[in-house]
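Morning, everyone. Please look at the model on the screen while I talk.

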Amino acid sequence: MKWLDNFNDKIDSKFNPSAKKRKLIMPITTIIMILVITVLAKFDIINNYFQTIIVTICINIIMSASLNIVNGYMGEFSCGHGGFMATGAYISSVVSLILFKDGNSITGHALLPGGLALIGFPISILIGGLGAMMVSLIVAIPSFKTRDDYLAIITVAANFIVTTAINNIPAVGASRGLMGMKSVMNGMASVIDVPWILIWGLIFAIISVVSIHFLMNSTLGKGISAVKYDEISAEIMSVNTNSMKLIAFTFSSFLAGIAGGLFAHLLGFINPSSFGIMKSTESLVMVYLGGMGSLSGSVLSAIIFTILLELLRPAQIWKWVIIPLILILIMEFHPEGIMGSRELTQFFPWLKKLFPANKNEIRPSENAAEKSAADENA
């Protein structure tokens, strides 16, 4: 694509910051973006409806990117992500209700003042993520020797086990569901009146994407990817494939639990049916729509998919026919998805200048300078 090459050349010639500035560009840009969105939401320029859509996009980004670790980068086939999302949603909700809501259905009174939710809310979300990680260990360890279809069956079964178990626990509302999480958000707003669920949704989505980026570009991430290409060869090359599977699966489930916690506090009400097989199917659609093993694709697909769901809202029950149909069509006609296994930096090389260079990587300009100096000395 000639126009893309010309565009990259123009941007590259105008945008060439030093290494120190490059380290600051992305964090500063991210902080400014969060502040701008918060101010616009505070003054109702972004109304409640669009705030909900933005937070839903953030939740779907976490779900899509986290499932991509297992299904994309590691090459396995997990189909029960909704179960881990449910675990995180219920655990984080129970923790926040017990700590900050008077008259809750579990203890009857709050252990801490509602204003402390400003500090306690992210902790409750992380506890929900850790709970999902612990549940994933129960699934992961016995399934080490299974792959492909067998792992898919195990994870689907785990999804049903989790939702059925919650459905029979009266303390968390059983089939009636659990409510009251909105009051926790109101407690934070009573201290500083800003849209906290929007802020925390953006923060957790950004942290999740950045953490996956660093994981998959680390030595550990290369070991996870090695399982995808040839597990036997990876073991011969001293890669502990069981450990790689365990790390990838539990970290993926941890992020799904975080997404569940945000989902629960966004809606203020959850029940087990919210996390059935259709929720897991949504995650699968986003992963395959964006591209297996592409973090950029996961982010793009989450945005596209969330907007598509809103457009299909008038279709009501028919959207649950359309969503699985999208997955079938993707697998049949465009199995590589939007991005394939590529990232945006491969389409727009100038984006690499926004990130610090790898210490072990010799950039072309540095290599040329060293060669020129060597020639002069000779």
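Predicted model: local features only at pLDDT ≥ 70, side-chain atom pairs only at ≥ 80, totals over all residues.

Residues are numbered from 1 along each chain as its sequence is written, and side-chain values use heavy atoms, with hydrogens and water left out.

Take the second largest pocket. Its volume is about 550 Å³. A pocket here is an open set of points on a 1 Å grid over the protein atoms alone, where a 1.4 Å probe fits, with protein on both sides within 12 Å along at least five of seven lines; lining residues have an atom within 4 Å of a point. The volume is the space filled by probe spheres set on the points, which are joined across faces, edges and corners.

The lining has 22 residues. Nearest the centre lie T56, F263, K279, E282 and L309. Helix α3 gives the largest share, six residues. Helices are DSSP runs (H or I, at least four residues), numbered from the N terminus.

The charged end of K279 sits over the ring of F263, 4.7 Å from its centre. The cut-offs are NZ of Lys or CZ of Arg within 6 Å of the ring centre and within 35 degrees of the ring normal.

Now rings. The whole structure has seven aromatic pairs. Rings of Phe, Tyr and Trp (its six-membered ring) pair if their centres lie within 6.5 Å; planes under 30 degrees apart are stacked, over 60 edge-to-face, the rest tilted. Y49 and F50 pair edge-to-face, at 5.3 Å and 75 degrees.

Conventions:
Helix = DSSP H or I, 4+ residues; strand = E, 2+ residues; numbered from the N terminus.
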